[in-house]
Amino acid sequence: MMARRLLLLSYWFPPNNVIGASRAAAMARYFSDNGWAVTVVAANSGAVSRDFEVDLSAIEVHRVEDTPVTKFMNFKSGRARWRRALSALARYAAFPDAFRSTTRRMGTVAEQLMHDGKTFDVIMSTALPFSQHEVAGKLARKFGALLVLDNRDTWAYSAYRRRLPLSDGLERRYEHRVLSAGDMLTTISDGMRSYFCKQYPDLEPRFSTIRNGADADIVSGRTSQRSSGSELHIVYTGILYGAKRDIRPILNAARDSGFQVAFDFFGSEPDRVAALKANYPTLRVTDYGRVPRAEAIAAQRSADALLVGLGQDPAEKTFLPGKFFEYVGTGRPIIVIADPDYEISQLVDAHGLGVATRDADLLNAFLGRLSRGEIVPREVVPEALTRDHQLGLLERCIDSALEKHKRRARPSS
């Protein structure tokens, strides 16, 4: 039997060290290990560090350099303030996003591969950036492949993206047109799926939930259980998104608890961490900056608890950050600052992963149990939260859709 052939488009991909690259890398690895011939077309962004090392053996990867336009608009620390201001203004005005010129370049590379004789059964785009979905749709129409549009985030009406005034209608129409090209549409949470289906009820049959998942290899090598009464180490890895992700409830609880508590931040905005340090002088708050992914994982494994914070915008009820599943893979207790009706809170409660609340008393009680050594690290990842389980669901959905796609393409006798 000839191997099925997958073309994966992902702007973020290793060695780019961002959490969005993890899902794309896991998809490529899973499908390759399960008999697919996998080709990846990805950007080679200079906006982030390039120290995310993964096994890409047997996976064909084509990297595309950012265009000068994307380079200018893509945020990069260390720029002069006036350049940051200009690039922010350009990003604000860019439609549909700051990456469009580069994602089109990715499409040109993919199209050349097919003109040179490569064929693909499935074209899959995992986004953001959203402009990449549009490129994938054009490729699928031109070459007759099954199109899978994977959504790690929402785009129109996103709580995290600035937009031009009065652009809501234009963005909604563009989003609907782009998503309508997909044979399969996937989201990372049930809440996100419900959101899309409410906005675009005509597309509801095409949507499936494929969560991120914990990687089995991260589970090994965890440290031993902490000793009672010693300083608690709570680790946060990733961006704080300015004031949008308010983690003050756990800092307030730690300050008032009477326990010795240290908060370590990796890859967060320096000014935000500095503000927390100034506002909580009785707590030990340390900013370790951006570090290689292996170092961040090591910090997670040695922590007493790992911290996730979500904001209070209604859209955040649908969020299941990739970082959360990375935390799940360590076995360490997880503190989630979120409301009880958030999907992430329901997963924490269902699988006994830690605590999910904004309530000071509940957080204080949890810190007490941690300090007394009453919370034991987990030895296994719940099966439903593993990466292989989730990607197995994706593969079965694709197989089913691919068979229908082939029957439609087959000429009638």
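**The surroundings of helix α13**

Reply: The buried residues of α13 pack against α7 (190-199), β11 (305-309), α12 (322-328), β12 (334-337) and β13, where contact means heavy atoms within 4.5 Å and where helices (H or I, at least four residues) and strands (E, at least two) are DSSP runs numbered from the N terminus. This is a predicted model, in which local features need pLDDT of at least 70 and side-chain atom pairs count only at pLDDT 80 or more, whereas totals for chains, interfaces and linings use all residues. Residues are numbered from 1 along each chain as its sequence is written, and side-chain values use heavy atoms, with hydrogens and water left out.

The helix α13 itself spans residues 343-351, and within this stretch Glu343, Ile344, Ser345, Leu347 and Val348 are buried, a word that stands for under 20% relative accessible area, with exposed meaning over 50% and partly exposed what lies in between (1.4 Å probe, protein chains only). An α-helix has 3.6 residues a turn, so residues three or four places apart point the same way. Just after the end of α13, Gly352 takes a positive phi of about 60°.

Strand β13, one of the elements that the buried residues of α13 pack against, covers residues 354-356 and includes Gly354. With 31% relative accessibility, Gly354 counts as partly exposed. If neighbours within four places in sequence are left aside, Gly354 touches Ile334, Val348 and Phe366, and Val348 is among the buried residues of α13. Gly354 and Phe366 are twelve residues apart in sequence, and their C-alpha atoms lie 8.3 Å apart in space.

The helix that holds residues 360-371 is α14, whose axis comes within 9 Å of that of α9 (residues 248-257), the two crossing at roughly 60°; axes here are lines fitted to C-alpha atoms, for helices over the stretch in contact, and angles run from 0 to 180 degrees between N-to-C directions. The pair α9 and α14 is therefore oblique, since angles under 35 degrees count as roughly parallel, over 145 as roughly antiparallel, 65 to 115 as roughly perpendicular and the rest as oblique. On the α9 side the contact is made by Pro249, Ile250, Ala253, Ala254, Asp256 and Ser257, and on the α14 side by Ala360, Leu363, Asn364 and Leu367.

A second pair of helices, α5 (residues 131-143) and α6 (residues 168-180), packs at an angle of about 40°, with the axes 9 Å apart. That angle makes α5 oblique to α6. Ser131, His133 and Glu134 of α5 meet Tyr174, Arg177, Val178 and Leu179 of α6.

The loop between β4 (122-127) and α5 holds Pro129, and the peptide bond that leads from Leu128 into Pro129 is cis, with omega near 5°. Another cis peptide bond runs from Pro14 to Pro15, with omega near 15°, and Pro15 is found in the loop between β1 (5-10) and α1 (19-33).

The loop between β2 (37-43) and β3 (60-64) contains Ser45, and the loop between β2 and β3 is also the place of Ala58. Ser45, at 0% relative accessibility, counts as buried, and, apart from neighbours within four places in sequence, Ser45 is in contact with Tyr11, Trp12, Asn16, Arg50, Asp66 and Asn74. Ala58, at 71% relative accessibility, counts as exposed, and its phi is near 70°, a positive value in a residue other than glycine.

Helix α1 includes Asp33, which is exposed, with a relative accessible area of 55%. Asp33 and Ser57 are 24 residues apart in sequence, and from C-alpha to C-alpha they are 9.8 Å apart in space.

Among contacts in the chain between residues at least 6 apart in sequence, 73% join residues at least 24 apart.
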